[in-house]
Amino acid sequence: MTGSPISIDLVSQSNASASEVLEDEYAALGRKLERRGIAIDAIKDRVKDFGVAVPSWGAGRGGTRFAKFPLAGEPTNIHEKLEDCAVIHQLGKSTPGVSPHFPWDCVDDYAGLREEAAAYDLVFDAVNSNTFQDQPDQVQTYATGSLSSTVEATRQQAIEHNIDCIEIGKKIGSKRLTVWVGDGTNFPGQQDLGRSLDRYIDATSHVYDALPADWTMMLEHKMFEPAFYSSVIADWGSSLMAAQELGDQCKCLVDLGHHAPNVNIEQIVARLHRAGKLGGFHFNDSKYGDDDLDSGSINPHQLFLVFNELIEAERNPREGFDPSYMIDQSHNVTDPIESMLSSAETIAGCFARAVIVDREALSAAQNDNDVMLAFRTLRAAYDTDVGPILAKAREEQGGAIDWLGVYRASKYRERKAQERKAVGLGAGIV
Ligand code: AFD
Ligand code: MN
Ligand code: MN
């Protein structure tokens, strides 16, 4: 095992040939920002401190309900997934955390797994439980619900699984549990809409009681799928209601793809922050539903507007502000390493653009009701090409200026195709 799966020489050779152009572009952007009263190096330092976790499940090819087309050399266990996550972090330098999913990532030796990650310069972020699928050795089925099930033994099994995830999380250094349930109904009348939320909150309170004092539990809402008539935690309202009843250590997680089309997600972010309940994000993009497309690939402006609210929240922390940032994507037609590098760069880029918004000018224009000036102030930041800042931050931390060129030149995936066992066909995860 090595902390650097990609040859360090390859990275430095590539950086050497790209650095002259980068210096020129960075200097030009620096002059432009200076005229706006912004020190480019300070923005670069903010970018260096910015991190977004990658999901262990995103390292493999996803699939649709119809098919999965495997990629030769994709990972089939958590050890191989960690190695791929190490490549992403080595080249991009903005993804130090890995968010694991249980039981998909179960191993016998969690202390060993934590060391394995540390040797790659990685840490474990939020642990994700899974009560939306039945496992081979499982006694109760989740076919008609888990934490909200009408069957007490099923609720109990779901509670115990979530507590097991907390126990695993303690061993691997995590401090957060993300709970997403597929519970819901497909037919009007199938369940009582009020009582199923009562059962969910009651069962989840037993998970909450098992949280260590310095842990946060994050509830992830999702409008529909797998249930197509109603979902128990369908929206931020249900999520907030549950989080407020459960207690201070319970917050809401916003997955960008889990809303109806055209919903104003940045306003949801502002509302949750106001309530002190903004726990974290699953970044991805969507055109129609929970598409799990690469972050910013469809609507980068929305992602920027979300970060604009996050920077406002940071400046006005209210009940505390410490959200965790994660990617949650399904890569069906690309190499997942390339998609996550591209997504992480897009996410960090939206963060950087939000940081350079002239906040004084914006709030002055808002107070004066100068609509056009407020809009143009925001747009000036969005229109700024922050690429040189991101590239310089990567270079200074030992990452790759041209991560795509280096990754492809390394022939990493081709090598893994020789070493790793082939993945079967079959449906992917949704
Ligand atoms: C779901 C949710 C949730 C879950 C994942 C599993 O977004 O984050 O962990 O997909 O596939 O849609
Ligand atoms: Mn998600
Ligand atoms: Mn999803």
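Student: Which helix lies across S4 and S5, and at what angle does this helix run to S5?

Tutor: Helix H5 (residues 152-172) lies across both strands, running at about 150° to S5. Axes are lines fitted to C-alpha atoms, for helices over the stretch in contact, and angles run from 0 to 180 degrees between N-to-C directions. Helices (H or I, at least four residues) and strands (E, at least two) are DSSP runs numbered from the N terminus. This is a predicted model, in which local features need pLDDT of at least 70, side-chain atom pairs count only at pLDDT 80 or more, and totals for chains, interfaces and linings use all residues. Residues are numbered from 1 along each chain as its sequence is written, while chains are lettered from A and ligands numbered from 1 in the order in which they are written.

Student: What makes S4 and S5 a pair?

Tutor: Pairing requires that DSSP find at least two bridges between two strands. S4 and S5 (residues 176-179) have 2 bridges, in the parallel sense, and Asn-128 stands opposite Thr-178 in S5.

Student: Why are S4 and S11 at the edges of the sheet?

Tutor: The open sheet of 6 strands has the order S4-S5-S7-S9-S10-S11. S4 (127-128) and S11 (324-327) each have a single partner strand, so one side of each is left without a neighbour in the sheet.

Student: Why are H9 and H10 called oblique to each other?

Tutor: The axes of H9 (residues 300-315) and H10 (residues 336-355) come within 8 Å and cross at roughly 50°. Angles under 35 degrees count as roughly parallel, over 145 as roughly antiparallel, 65 to 115 as roughly perpendicular and the rest as oblique; H9 and H10 are therefore oblique.

Key:
Two residues are in contact if their C-beta atoms, placed from the backbone, lie within 7 Å.
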